[in-house]
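Visitor: Hi! I'm new to this one and would like a quick tour. Can you show me what we're looking at?

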Amino acid sequence: MAKTPTKTRRKRRSPTLGPEKTAQLYAALAEDRPAPETELNYHNPFTLVVAVALSAQATDVGVNKATKKLFEVADTPEAMLALGEEGVADHIKTIGLWRNKAKNVIALCELLIEEFGGEVPQTREELTRLPGVGRKTANVVLNEAFGQPTIAVDTHIFRVSNRTGLAPGKTPDDVEDQLERVTPDEFKKGAHHWLILHGRYVCVARKPKCWLCTISDICKFKDKTPDPGRKESDLGPKG
């Protein structure tokens with residue numbers, strides 16, 4: 001009995017933009033923001049770790065307000081530990097989850113002093129041992145403080161990566177894996193900042209500003225927001 005010929009499965013197209021368009025996307029973002037950097041204020045790697053840990057469920061603006069005076073009096077693990085949990089808490093009461101965050105900051109300082117000589121470690125594995133420091137925080141510190149080509153996926157980067165088709169994924173870890181795979185080496189150092197700033201100010205959640213977007217011609221997002229145009233009320237009084 002003759003065998004039924006097996007159907008050849010078609011190879012699925014990659015859901016990403018592809019190497020050429022990916023490079024074009026990053027080149028456009030790099031031209032738009034030549035010197036991207038974090039919007040968190042910090043003095044050194046230690047204060048960066050603290051600032052990023054405090055930024056969970058809080059805005060960078062809110063964290064900067066809370067840490068301005070804190071970092072003036074304590075910008076080392078030893079000085080922060082001397083403040084104590086209550087002292088730290090007094091400075092950060094304006095941000096969310098401040099009680100638990102103050103507790104983590106003190107525990108973080110203790111571990112830095114006991115196991116790392118007061119210095120911030122430069123590996124993800126060591127950083128994530130610190131209380132209140134997860135993978136995302138570790139990636140931010142490695143990138144910003146030590147120049148390593150890591151990409152921390154927050155809500156903005158997750159949205160931009162999926163919406164544009166750059167690195168679609170169902171979870172932040174999926175997106176991070178995709179970004180590490182598709183991002184050209186020359187763009188890996190700045191990728192985190194370009195994507196987060198683009199998501200924060202242009203590719204916003206509810207109504208992306210597609211008419212202002214430097215990568216709108218590359219982006220796969222179908223429901224692009226049209227240019228609202230100028231309204232009479234925007235032009236100022238006529239009298």
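Visitor: Which residues does Ser161 touch, not counting residues up to four places away in sequence?

Guide: Ser161 touches Leu166, Ala167, Pro168, Val175, Leu179 and Leu195, where contact means heavy atoms within 4.5 Å. Before we go on: this is a predicted model, where local features need pLDDT of at least 70 and side-chain atom pairs count only at pLDDT 80 or more, while totals for chains, interfaces and linings use all residues. Residues are numbered from 1 along each chain as its sequence is written, and side-chain values use heavy atoms, with hydrogens and water left out.

Visitor: Thanks! Is Ser161 buried or exposed?

Guide: Ser161 counts as buried because its relative accessibility is 0%. Buried means under 20% relative accessible area, exposed over 50%, and partly exposed in between, using a 1.4 Å probe and protein chains only.

Visitor: Where is Ser161 found, and what does its side chain reach?

Guide: Ser161 is found in helix 8. Its side chain reaches the backbone oxygen of Ile157 at 2.8 Å. Helices here are DSSP runs (H or I, at least four residues), numbered from the N terminus.

Visitor: New topic: what covers the buried residues of helix 1?

Guide: The cover includes helix 8 (155-164), helix 9 (172-182) and helix 10 (188-201). The buried residues in helix 1 are Thr22, Leu25, Tyr26, Ala28, Leu29 and Ala30.

Visitor: And helix 5, which helices do its buried residues pack against?

Guide: They pack against helix 2 (45-54), helix 4 (77-92) and helix 6 (124-127). Among the buried residues of helix 5 are Lys101, Val105, Leu108, Leu112 and Phe116. Helix 5 has 19 residues and reaches 25 Å from its first C-alpha to its last, close to the 27 Å expected at 1.5 Å a residue; the expected span is 1.5 Å times one less than the number of residues. Gly117 follows helix 5, and its phi is positive, near 60°.

Visitor: Which members of the largest nonpolar core touch the most other members?

Guide: Phe46, Met80, Ile92, Leu127 and Leu130 do, out of 35 residues. A nonpolar core is a set of buried Ala, Val, Leu, Ile, Met, Phe, Trp, Tyr and Cys residues joined through side-chain atoms within 4.5 Å. Helix 5 gives the most to this core, with eight residues. Apart from it lies another core, of 26 residues, including Ile157, Ala167, Val175 and Val202.

Visitor: How many salt bridges does the structure hold?

Guide: There are seven, a salt bridge being a side-chain nitrogen of Lys or Arg within 4 Å of a carboxyl oxygen of Asp or Glu. One of them joins the side chains of Arg200 and Glu39 at 2.4 Å, N to O. That pair links distant parts of the chain, with Arg200 in helix 10 and Glu39 in the loop between helix 1 and helix 2, 161 residues apart. Glu39, Asp60 and Arg200 are linked in a network of salt bridges.

Visitor: What does Arg135 form a salt bridge with?

Guide: Its partner is Glu176, the closest N and O atoms being 2.8 Å apart. Arg135 is in helix 7 and Glu176 in helix 9, 41 residues apart. Glu176 is buried, with a relative accessible area of 3%, whereas Arg135 counts as partly exposed at 35% relative accessibility.

Notes:
Helices (H or I, at least four residues) and strands (E, at least two) are DSSP runs, numbered from the N terminus. A polar contact is a pair of N or O atoms within 3.5 Å; within protein, one must be able to donate a hydrogen and the other to accept it, and residues adjacent in sequence count only if both atoms are side-chain atoms.
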